[in-house]
Amino acid sequence: MTSNTLIAPSLLAADFARLGEEARAVETAGADWLHLDVMDGHFVPNITFGPLVVKALRPHTKLPLDVHLMIAPCDPYIDAFAEAGADHISIHPESGPNMHRSLQRIRALGKKSGVVLNPATPVESILWVLDLVDIIMVMTVNPGFGGQAFIASQLPKIALLRQAIDASGHDIRLQIDGGVTAQTARSCLDAGADVLVAGSAVYGKPDYAAAIAAIRTAS
Ligand code: DX5
Ligand code: ZN
């Protein structure tokens with residue numbers, strides 16, 4: 001792995017009765033970001049939590065809070081997540097009528113902005129907003145649930161995005177979300193990714209430090 005690779009455990013796979021403790025635990029275990037999956041039961045077929053929970057978590061960790069919005073419409077809630085303490089706010093192109101405006105708003109709030117590509121969403125959908133994003137995330141599962149199998153057909157998409165980012169000259173992180181394990185991490189990084197989200201591969205293991213180390217070692 002390159003020393004540049006970041007690991008972002010997803011709290012979706014944590015014990016929801018002990019979220020503060022679970023956030024602190026992965027920080028101690030060597031995580032780089034804390035990934036927070038916000039789902040509305042409409043954009044995706046599952047419901048998790050909103051800005052109140054992000055705000056409640058904020059004092060528990062110094063890790064950057066990497067908020068992944070799977071809600072539609074996303075625009076009415078961007079300010080609330082920024083005020084709650086999100087450091088990164090990532091949105092799907094399909095979750096609002098004007099992605100360019102949504103990304104501008106995230107940046108205007110002083111947050112890092114991200115766009116997320118579902119498995120069926122083409123690379124071309126974000127080529128004209130590269131100047132407005134700090135993070136591009138590729139879903140390697142269909143969003144909505146943890147513990148799903150890695151969709152390997154997305155690897156060429158990751159490689160295409162790596163080329164586009166490098167050609168753009170912008171400082172953009174290329175993040176992968178879904179089915180990342182110590183086994184699948186290597187192929188993501190080989191394709192050009194530099195941030196790995198891992199839910200069940202961290203929180204689903206008894207020893208979080210060993211789980212994070214296993215992903216780092218494999219990658
Ligand atoms: C899925 C979420 C993911 C999820 C990943 O919609 O966006 O962040 O937590 O879970 P694993 O790593 O178990 O696939
Ligand atoms: Zn996610």
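Trainee: Which residues of β3 are buried on one side, and which on the other?
Mentor: This is a predicted model, and in it both faces of β3 are covered. Side chains in a regular strand alternate between the two faces of the sheet. On one side the buried residues are L65, V67 and L69, and on the other they are D66, H68 and M70.

Trainee: How many of the residues of β3 are buried, then?
Mentor: β3 is largely enclosed by the rest of the structure. Take H68: residues under 20% relative accessible area count as buried, and H68 has 1%.

Trainee: Okay, which residue stands opposite H68?
Mentor: Look at β2, which pairs with β3 in the parallel sense over six bridges. The residue standing opposite H68 in β3 is D37.

Trainee: And where do β1 and β2 stand in the sheet?
Mentor: The sheet is open, with eight strands in the order β1-β8-β7-β6-β5-β4-β3-β2 and parallel pairing. β1 (6–9) and β2 (34–39) each have a single partner strand, so one side of each is left without a neighbour in the sheet. Both stand at the edges.

Trainee: Further along the sheet, what is the bridge partner of H88 in β5?
Mentor: Strand β4 covers residues 88–91 and strand β5 residues 112–117, and they pair in the parallel sense over four bridges. The partner of H88 in β5 is K112.

Trainee: Back to H68. Which residues are the protein donors of the zinc ion (ligand 2)?
Mentor: The donors lie 2.0 to 2.3 Å from the zinc ion. In sequence they are spaced H-x1-D-x30-H-x108-D. Two of them link distant parts of the chain, H35 in strand β2 and H68 in strand β3, 33 residues apart.

Trainee: What is the geometry of the site of the zinc ion (ligand 2)?
Mentor: Ideal angles for six octahedral donors are 90 or 180 degrees. Here the six donor atoms give angles of 70 to 165°. The site is octahedral.

Trainee: Is H35 buried or exposed?
Mentor: The cut-off for buried is under 20% relative accessible area. H35 comes in at 0%, so H35 counts as buried.

Trainee: Which residues come nearest to ligand 1?
Mentor: A polar side-chain atom of H68 lies 3.2 Å from an oxygen atom of ligand 1. A backbone N or O atom of G179 lies 2.8 Å from a ligand 1 oxygen, and G199 also has a backbone N or O atom 2.8 Å from one. Of the 20 residues around ligand 1, the nearest are G144, D177, G179, G199 and S200.

Conventions:
Residues numbered from 1 in each chain as written. Chains lettered and ligands numbered in written order. Predicted model: local features only at pLDDT ≥ 70, side-chain atom pairs only at ≥ 80, totals over all residues. Heavy atoms only, no water. Pairing = 2+ DSSP bridges. Helix = DSSP H or I, 4+ residues; strand = E, 2+ residues; numbered from the N terminus. Donors = N, O, S within 2.8 Å, 3.2 Å for Na, K, Ca; no water. Tetrahedral: all angles 85-135°; square planar, octahedral: opposite > 155°, others 65-115°. Buried < 20%, exposed > 50% of the residue type's maximum accessible area, 1.4 Å probe, protein only. Near = heavy atom within 4 Å. Polar contact = N/O pair within 3.5 Å; in protein donor to acceptor, adjacent residues only side chain to side chain.
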